[in-house]
Amino acid sequence: MMRRRRWMIFSVLLLAVSLVAAGCGDDDEEATDTTEPAPTQPSFEAGTTMAAIQSKGKLVVGTKFNQLGSGLKNPTTGELEGFDIEIAKLMAVGIFGGTVDDVESKIEFKEAVTAVREAVIQSGEVDMVVATYTINDRRKQQVDFAGPYLIDGQDVMVKSDNNAIRTLTDLNGKKVCTGRGSTTPANLEAKNITADLTLFETYPECATALRQDRVEAVVTDRGILLGLVDQSDRQFKLANINVSEEPLGIGLKKGDDAFREFLNDRLEAIFASGQWAAAYERTLGRLGLPTPEPPQVDRYASTGTETTLAATTTTAAAGGTTTTAAGGTTTTVAGATATTVAAGRGGGADHSGH
Amino acid sequence: MTAPVLADALGPRARRRVRVASIAAGLLVLACLAVAVRRLSDRGQLESDKWRPLTEWPVLKFYLGGLVNTLKAAAVAMVIAMAVGGVMALARLARNAPQRWLATLYVEFFRGLPLYLLIIFCWLGLPQLGARLETFWYLVIALSVYNSSILAEIFRAGILSLDRGQSEAAYSVGLGYWQAMGLVVIPQAVRRMVPAIVSQLVTLLKDTSLGVVIFYEELLRRARITGEFFHNPVHAVAMAALFYIAVNSVLSAVARRLEARQRQRYGAGRIDVAGAEDVALTQAEATAKV
Amino acid sequence: MNVVFDNLDVFVAGMRTTVSLTLVSFAAAFVIGVVVAAFRVSPVPPLRAVGAFYVGTVRNTPLALLMVLFFFGFPDVGIQFDSFWVSAVIVLSAYTGAFVGETVRAGINAVSRGQGEAARALGLTFPQTLRVVVLPQALRTVAAPLGSIFIALIKNSALAALISVHELVGNTEDLITDFAQPIPIFLGAAVGYLILTLPSGLMVNVIERRVAIKR
């Protein structure tokens, strides 16, 4: 009898210990992932973020895992697909050299939903965030942005048979769904729309709520909405209401101007080389969006290191659209010559992946 | 197994009545099931293409990976929470008043907050305080802090449940405070606490699912990703529920057996702690068995 | 700290929702719990099985999962409530009901055999025995565990934020993302919860002392 009890306590302890051991064991895998650097690797000045990423052999990117067209995780393959993903890979090519295929093993994607993008950048958990991330002054207080790499607009998604919502003012008093921590509430407020807001962590949750008639409209970036419309089996449509223009940028740590310069150069290089347009066609283009002209990169003057938002929140509330980058015009040529160097260093041969 | 309090062995008439009631109730249950199945099939929820993707190996692997992440967070948090909880329990029983107050403050503060709030705070707040960690650690820290305050109460109750005579006897043979604790009180108290600790582990394991709000890729998060991908939220989430029920049932059964044994051996009472709702419940099974 | 006082109305509105969720859910959970307990001690096997299945399933499943399943999943099988608040109450009471049920059952089993025997000797039927003799005593013994369940429910109601019910934690999260001052806002919310949980704890102690049966 005595022995059996001992055995029982012992087995519980053993279970606990083996669970912990299993937990620790997993970390080793990640550590052994540093593969030999590719021969064509570009060189960077020591101490820069690019050099640091290159030497650790891994670029950690925050992105969304559930946005068709932008960034979607496929549970059967574990792979991410979308425009943001393509942009991230093209940036990685600029750091590690080689082709998009070569860098695939050197990028680690982490889920970064709307509300946490600033936090994961500030904490250093990710090197950069490419996650349908609207550039605005309020966020610039906390992080810096390279780009924009795309001018997206916010639109309204409704059920296909809904003809009651045709203009922005129709949203007054309606149940409107959007993501926690997104620019949408501020955008609506700036246009004096008072809607009954439902806030979920992710946009597919908003789509589910719309399908179930728990909300009447979903407001967010057009690219995200088109993905949801495409998945909806013609249950949803866009109301084609221009809520705001959203310049999407690559978020990075505040004050890291060298890294920002590098990313901007790299963006202009892929704009000029056609890789940008090819990436667009493969992803958002598939949802029926015509490929736009690349936007003009906004090399704004840095405002120094990160500050808290305390003083600026009220003024920034309307900041959704402040960076009115001359979206869509063909003015990328100016920057392109300056950046051919970067593209050349990147090997130039990085033809499109898949 | 009839309930011990309520009925003697049934007589012939009562047996007949029970038989009638059983048939009626059984039919009612079957009718409910039939309605549920009908409803599911009417809405196309029983079609195999809703289930099929979930039974494919890559998707199962995705789930199992989520389960491993869940177990990992739960195991690490449990170990940390036990250590911190032990320290806090001893501090609350200490003779030094400031120590006692500090530990009481810690326990009462964190025990009174929802775990959700702590997780949100760790995730959004700690980076601003300079703690730059992986999502995993934000979840583990929140789980550890919350559960350490509850385990501290379990430990304290366990130690206090021992007869005073035990420590008095220890002192009278010349042991000091820490010797008495270490050699006499704690070893006996631990035995009484084991079922409560395992119960708390079940609660902790379930609470790990709150990692879903900070996008830690545990079981529930992965179920949601899967449901959004295949458009079968009911099935994807129900699948995760099966995993949870399997793991937790095993742990609950262990807790019950431990408690029943302990009750038989020592006739010792259970450790009853406010806030640890699971703990209070194991008594039922134990009483039924004894 | 200004950020807390400037947004006091947001905290208070959140607390009000937390309180309404808790009180309504607890009342419903109590009813569910008593029914479940009655099922589990009944001499009718199918009812016992139903009770055991309910308790075993709900107790071993995380509340967050149930919340998500009910809110986002069940509408696909035609079960949908348009009010988010009502949805949250249903999940919270179904979950808490399983715990109440187990506690009440434990209380019933703790009533001494003689009580039931005496009741039957007086000629009371099974339902009468349960209602007049056993349950009143059982409920007194379970006052303390029920109090713990109530406090746990105050805390568990936070999960309603997962389905966009604007209770205290949801409002806190929104304030933190709006103002980026996590520490004062967290402390504000913590005070809000302690205002609810600490007095509840004291009250439970008082009730326990009043009604407890000393054996």
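Strand S3 of chain A, residues 71-73, is joined to S4(A) by 2 bridges. The two strands run antiparallel. This is a predicted model.

- S3 and S4 belong to an open sheet of 3 strands in chain A.
- The strand order is S2-S3-S4, and the pairing is antiparallel.
- Strand S2 (66-67) and strand S4 (80-81) of chain A are the edge strands. Each of them pairs on one side only.
- Leu72(A) has its bridge partner in S4(A), namely Glu81(A).
- In general, strands of a sheet pair through backbone hydrogen bonds, either parallel or antiparallel.

**Where chain A touches chain B**
- Chain A gives 28 residues to the contact, and chain B gives 28 residues.
- By class, the side of chain A that touches chain B holds 12 nonpolar, 10 polar and 6 charged residues.

**The largest nonpolar core**
- The largest nonpolar core has 228 residues.
- The residues with the most contacts inside this core are Tyr116(B), Ile119(B), Ala142(B) and Met67(C).
- What is Ala142(B) in contact with, leaving aside its neighbours within four places in sequence? Its contacts are Leu115(B), Leu118(B), Ile119(B) and Cys122(B).

Note on methods. Residues numbered from 1 in each chain as written. Chains lettered and ligands numbered in written order. Predicted model: local features only at pLDDT ≥ 70, side-chain atom pairs only at ≥ 80, totals over all residues. Core = buried A, V, L, I, M, F, W, Y, C linked by C-beta atoms within 7 Å. Buried ≥ 20, exposed ≤ 12 C-beta atoms within 10 Å, placed from the backbone. Contact = placed C-beta atoms within 7 Å. Nonpolar A, V, L, I, M, F, W, Y, C, P; charged D, E, K, R; others polar. Pairing = 2+ DSSP bridges. Helix = DSSP H or I, 4+ residues; strand = E, 2+ residues; numbered from the N terminus.
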